[in-house]
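Thanks for coming, everyone. Let me put the model up and walk you through a few spots in it.

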Amino acid sequence: MEDNEETPFDPPITFHANLLHHPDLPRWIRYIQRTPFDTGYLYGSPTEKDIGKQTIEVMAYNRYTFETVRQTMEIRISLSPDGDMPYQADFLVKNWDVEEMLPKEAQDLFQEAVDRMWEQEGLTVINITSALDRGGRVPLPIENRKEGVYIKLGSKDPFTACLTEAKSPDNLYRCRLEQQPIITCYDHFSPQFQVDWCNLTLIDLTTMNDTEMVLVYGDGVLEEGTEFNPPDDAPDRIFFSDFLLTFLLPFLLGFLIFLLLAYIMCCRREGVYKRDLSTSDIQMVHHHTIHDNTEELREMAGTRDVPRPLSTLPMFNIRTGEKTNPMQNNRYDSAQVPLILAQQ
């Protein structure tokens, strides 16, 4: 390849599939596509109710060029020419995803691995389901962590002793202890498939009566004719007790809280007289002095043309230390007394 030649690039394409003239797919078909760069798969196992022809409409959307292509495909469903498979085994493969098991090559590879244990011919894949559809958890975004896939195989030949050994009482007890069951022919199974033998399900349709039901995992949609039918009439009900419980109970609770707060705020107060008796005389004198001086300053702020307040007059001469009369004539200012009396 030359250096200037461009490498072919597959554009990302998103697919959307639905039943023709319907918004969604039939209940037995599932669609999966991990990313727009991956292949999308339609898979599922129809039942006898789905026998016939169904038209699926697929729309492809190019994420780069924004082109859309619409195409229809017909699926014809009929009974299997091999008939029913009375012996069915449901395996849980933990290290595979459902889209990895859908190609024909992967299914053949798994059938070859099961052939070594079942040792029967004519094995048929009956159903492939993601473990998430069976209640499994989404794995952590760590490398090599898979969702898991359930693969159900069927045969007309009975189960071998190797498969039934996995459901023995001893192995069931080990499974309850979260231990791996002991299977003699486990070494013959392919190592690339990590099967959870504790979740192995063996179904023998030959031993079931007509009244017994086979465990079938649905898609969470109710069958036709099983919708909920509400009753036509309902008995009369008196809601007076509910009214009392809803309105009167909160009102009584609020009234009790109101009484409690009123008692604390009004009845628990000691009063001014008791407070004064419990206060020392020095604190009372100091309090009254501050209160009287505050009132005097407020009066001065109201009328500026008043004599100098007594609280601001000096009680003694700042130089000589001689006591002075604060009520003396305003013309006499003690601050003008000379420091040395001989200087008069």
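Start with Cys198, which is partly exposed at a relative accessible area of 25%; here buried means under 20%, exposed over 50%, and partly exposed in between, with a 1.4 Å probe and protein chains only. A disulfide joins Cys198 to Cys175, S to S 2.2 Å, and the rule for that is a pair of cysteine sulfur atoms within 2.5 Å. By that rule the count is 1 disulfide. The torsion about the S-S bond of Cys175 and Cys198 is about -90 degrees, so this is a left-handed one. Cys175 sits in helix H4 and Cys198 in the loop between H4 and S9, 23 residues apart, so the pair links distant parts of the chain. When I say helix or strand, I mean DSSP runs numbered from the N terminus: H or I of at least four residues, or E of at least two. Cys175 is buried, at 18%. And Cys266, while we're on cysteines, is exposed at 57% relative accessibility.

Quick caveat before I go on. This is a predicted model, so local features need pLDDT of at least 70 and side-chain atom pairs count only at pLDDT 80 or more, while totals for chains, interfaces and linings use all residues. Residues are numbered from 1 along each chain as its sequence is written, and side-chain values use heavy atoms, leaving out hydrogens and water.

Okay, Asp196, in the loop between helix H4 (169-176) and strand S9 (201-204). Which side chain of opposite charge is nearest to Asp196? That's Lys94, 5.0 Å away, so no salt bridge, although Asp196 is buried. For the record, a salt bridge needs a side-chain nitrogen of Lys or Arg within 4 Å of a carboxyl oxygen of Asp or Glu, and for charge, Lys and Arg count as positive, Asp and Glu as negative, with His and the chain ends not counted. Leaving aside residues up to four places away in sequence, Asp196 touches Leu92 and Lys94, where contact means heavy atoms within 4.5 Å.

Now the inside. The largest nonpolar core has 32 residues, and Phe91, Met101, Phe110, Phe189 and Phe193 have the most contacts inside it. Such a core is a set of buried Ala, Val, Leu, Ile, Met, Phe, Trp, Tyr and Cys residues joined through side-chain atoms within 4.5 Å. H2 gives the most to this core, with 6 residues. Phe91 has contacts, beyond four places in sequence, that include Phe110, Val114, Ile151, Leu163 and Trp197.

His21, between strands S1 (13-19) and S2 (30-32), has phi near 65 degrees, positive despite not being glycine. Phe66, between S4 (52-62) and S5 (68-77), also has a positive phi, near 65 degrees. His21 is exposed at 72%, and Phe66 is exposed at 58%.

Last stop: an unreviewed UniProt entry lists residues 243-265 as "transmembrane region", and such annotations may be inferred rather than shown by experiment. In the model that span is 100% helix and 0% strand, its end C-alpha atoms 33 Å apart.
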